[in-house]
Amino acid sequence: FDADQMIFSRGDPGREIYLVLEGRIRLSILSSDGRELSFAHAGPGSVFGEIATLDGGERTAGATAISRVAAMALPQRAVIELIENNPKVAVAAIRFLCTRLRETDQRLEAIALHRIEVRLARLLLSALKLQSPNAEGEEVPLDLGMSQGELALLIGASRPKVNIALTMLGDMGAISRKGSKLLCNTEVLQEIAETE
């Protein structure tokens with residue numbers, strides 16, 4: 001898929017499940033007034049499009065390539081056949097869906113209950129964990145690979161508010177910039193993430 005290409009829209013039939021090999025996908029919904037809420041990104045190793053593929057219903061969100069994307073697709077009939085004929089695959093699918101449900105619950109809670117700098121600190125820590133699982137320290141480099149606008153969509157805020165929150169995190173010693181790199185103080189980010 002090319003950058004900015006729509007892979008599927010909310011309401012489309014779910015005929016396949018995808019595995020991202022390269023690039024990044026934005027999963028989002030549009031409100032009735034045209035605002036976009038991005039609730040997740042799918043990067044290399046991530047699966048998306050599972051809900052409609054598994055239940056045979058419509059897509060619950062849209063998927064758009066943020067960058068050039070290489071992905072593999074597995075047709076719905078193959079997924080269902082795998083689940084029906086292999087109990088281990090069925091259990092893995094249930095665990096995968098439960099993990100997604102927990103992540104969704106946590107995201108909704110964060111948007112509803114936590115200040116923007118707390119949400120941003122949590123997102124940065126999550127991104128750090130994916131890039132460098134055991135990295136800790138005062139200047140841990142982080143390549144987010146997204147704009148402030150994308151960050152805003154992911155944490156349910158506006159781009160100007162994300163800019164302010166990034167400045168606040170910088171003033172608190174949680175992050176700093178070195179050229180185009182973002183350097184994170186994991187201890188301070190963790191303290192901010194746990195303040196509420």
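The model is a predicted one, where local features need pLDDT of at least 70, side-chain atom pairs count only at pLDDT 80 or more, and totals for chains, interfaces and linings use all residues. Residues are numbered from 1 along each chain as its sequence is written, and side-chain values use heavy atoms, with hydrogens and water left out.

Leu142 sits in strand E8 (helices, H or I with at least four residues, and strands, E with at least two, are DSSP runs numbered from the N terminus). Along the sequence, Leu142 and Leu182 are 40 residues apart, yet their C-alpha atoms are 5.3 Å apart in space. Setting aside neighbours within four places in sequence, Leu142 is in contact with Leu124, Ala127, Leu128, Gln131, Leu182 and Cys184 (contact means heavy atoms within 4.5 Å). Cys184, for its part, is buried, with a relative accessible area of 0%.

Leu142 also turns up in the largest nonpolar core, which has 27 residues; Leu120, Leu124, Leu142, Leu169, Ile175 and Leu189 are those with the most contacts inside it. A nonpolar core here is a set of buried Ala, Val, Leu, Ile, Met, Phe, Trp, Tyr and Cys residues joined through side-chain atoms within 4.5 Å. At least two residues each come from H4, strand E8 (140-142), H5, helix H6 (159-171), strand E10 (181-184) and helix H7 (186-193). H4 gives the largest share of this core, eight residues. Apart from this core lies another, of twelve residues, among them Ile7, Tyr18, Ala42 and Ala63.

So how does H4 pack against its partners? Helix H4 (residues 116-131) and helix H5 (residues 148-155) pack at an angle of about 105 degrees, with their axes 10 Å apart. Axes are lines fitted to C-alpha atoms, for helices over the stretch in contact, and angles run from 0 to 180 degrees between N-to-C directions. That makes H4 roughly perpendicular to H5 (under 35 degrees counts as roughly parallel, over 145 as roughly antiparallel, 65 to 115 as roughly perpendicular and the rest as oblique). On the H4 side the contact is made by Ile116, Arg119, Leu120 and Leu123, and on the H5 side by Leu151, Leu154 and Ile155. These residues divide into six nonpolar, no polar and one charged (Ala, Val, Leu, Ile, Met, Phe, Trp, Tyr, Cys and Pro count as nonpolar, Asp, Glu, Lys and Arg as charged, and the others, Gly among them, as polar).

H4 and H6 pack at about 75 degrees, with axes 9 Å apart, which makes H4 roughly perpendicular to H6. Here Ile116, Glu117, Leu120, Ala121 and Leu124 in H4 meet Lys161, Val162, Ala165, Leu166, Met168 and Leu169 in H6. Leu120 touches residues of both partners: leaving aside neighbours within four places in sequence, its contacts are Leu151, Ile155, Val162, Ala165, Leu166 and Leu169.

Val118, also in helix H4, is buried at 0% relative accessible area.

How values were computed. Buried means under 20% relative accessible area, exposed over 50%, partly exposed in between (1.4 Å probe, protein chains only).
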